[in-house]
Amino acid sequence: MPKVKMKRTGFVIDMTPLVDITFLLLTFFMFTAKFKSDADNEQKFQIKRPKSAADTSKLPEKDVAVIKIALDSTKAADTAYYYSVSNPELWNLVKEDPSLSEWLTPARKEVSKSQIKTIKVDELEALVKATRTQSKAFNAMKKSKAEQASLKFAVDADRRVRFKWIADVMEVMRRSRQTQFNFVTDKEQ
Amino acid sequence: MAGGGELGGGGRPKRGKHSKRKAKKRVGFRIDMTPLVDITFLLLTFFMFVTTLTTPQIMDMAVPPETEDVEVAESKLFTIRVRGDGKIFYNQAKDAPQPIVLKDLRNQSIKSNLDLKNELITVLKIDDNVNYETVVNILDELNLAEIKITQALQAEKLNRERKFTIAPLTDKDKEEIIGL
């Protein structure tokens, strides 16, 4: 009996392991990807950060108080401080701090859910000081040492702002005895 | 009979009338996964790029605590002044300020620091009108210089103690660099 001629229709590679690994990586990157938070949606400005040489220290996602200095899109010379704390519980405590009650009215709290806008340096100083005291109290409430974390301060400023704004923040830090803080930059491409 | 061929087999007996014809072997079934892999890779690369690009980095900064002024010897001072128009001037000790471009600052800082080892105090004085970007660039150059200085000092078995501060640009400072 003659052999039946086998028809060759190309060849098939078993892609299952490839798909397995790819899906694994995909889910990993999907979960780690950070998207615009509420705070980002609330803000109406975009900060063009200055570029600096590559560094290994990244901006932490939690336990950080950020002072943003952004250019107002409408008037190029005009700017303001935007103050926020990454930890929601701590942020609520800071906003309720009695030392802020003079100027942080309920109406103003209402418009600034995730960050407080101010152009007054003394208001910023009050915020930094309140954060420092509340952070200590917040840590004292925690039972275990592992849950406690020291709060970092970061200055996230637009590269086009005048140095005056930065100098004022540095003076605020000095007066609040927060001698260590960070400048937020982007990696140089 | 081979065991793999029974998947989907109907109730029909294999023997009998059609026994002469070779029974079709069904080894499971295959789906062409190529489109699936295409899309998955596309998404994977997208998420990979998105996650790596949006992580801002931080630069350490310190301000001196609020205490009385510390007396330092002027000969150990390395002063960098930045004028309102962004021009940079440097001087060591009592020398007259000299203009310097940003890219030379790193080498100058390395040279001055290695002359005096850990004694040199770098003072950065910046005009209020300078762009923040210029300030970060200068700080970045000084940080990069720091790597080289640390390496050089380690070769001599010395530990690097960085002495750096940002001071306000006074009227006297401005006068010194106004005509340059």
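**Close-up views of the contact between chains A and B**

**View 1. The contact between chain A and chain B in a predicted model.** Chain A supplies 46 residues to the contact, and chain B supplies 37 residues. On the side of chain A that touches chain B, the elements giving two or more residues are α1 (16-32), β5 (152-157), α6 (163-175) and β6 (180-187). Of these, α1(A) gives the most, with 9 residues.

**View 2. Residue classes on the side of chain A that touches chain B.** Which classes make up this side of chain A? There are 24 nonpolar residues. A further 14 are charged and 8 are polar.

**View 3. Strand pairing between β6(A) and β1(B).** β6 of chain A covers residues 180-187. Its partner is strand β1 of chain B, residues 57-62. In which sense do the two strands pair, and over how many bridges? The pairing is antiparallel, with 6 bridges.

**View 4. The fold of chain B.** Chain B contains 4 helices and 6 strands. Along the sequence, the order of these elements is α-β-β-β-β-α-β-α-β-α. Strand β1(B), shown pairing with β6(A) in the previous view, spans residues 57-62.

**View 5. Burial and contacts within chain B.** Chain B has 180 residues, and 20% of them are buried. How many of the contacts between residues at least 6 apart in sequence join residues at least 24 apart? In chain B, the share is 61%.

How values were computed
Residues numbered from 1 in each chain as written. Chains lettered and ligands numbered in written order. Predicted model: local features only at pLDDT ≥ 70, side-chain atom pairs only at ≥ 80, totals over all residues. Contact = placed C-beta atoms within 7 Å. Nonpolar A, V, L, I, M, F, W, Y, C, P; charged D, E, K, R; others polar. Pairing = 2+ DSSP bridges. Buried ≥ 20, exposed ≤ 12 C-beta atoms within 10 Å, placed from the backbone.
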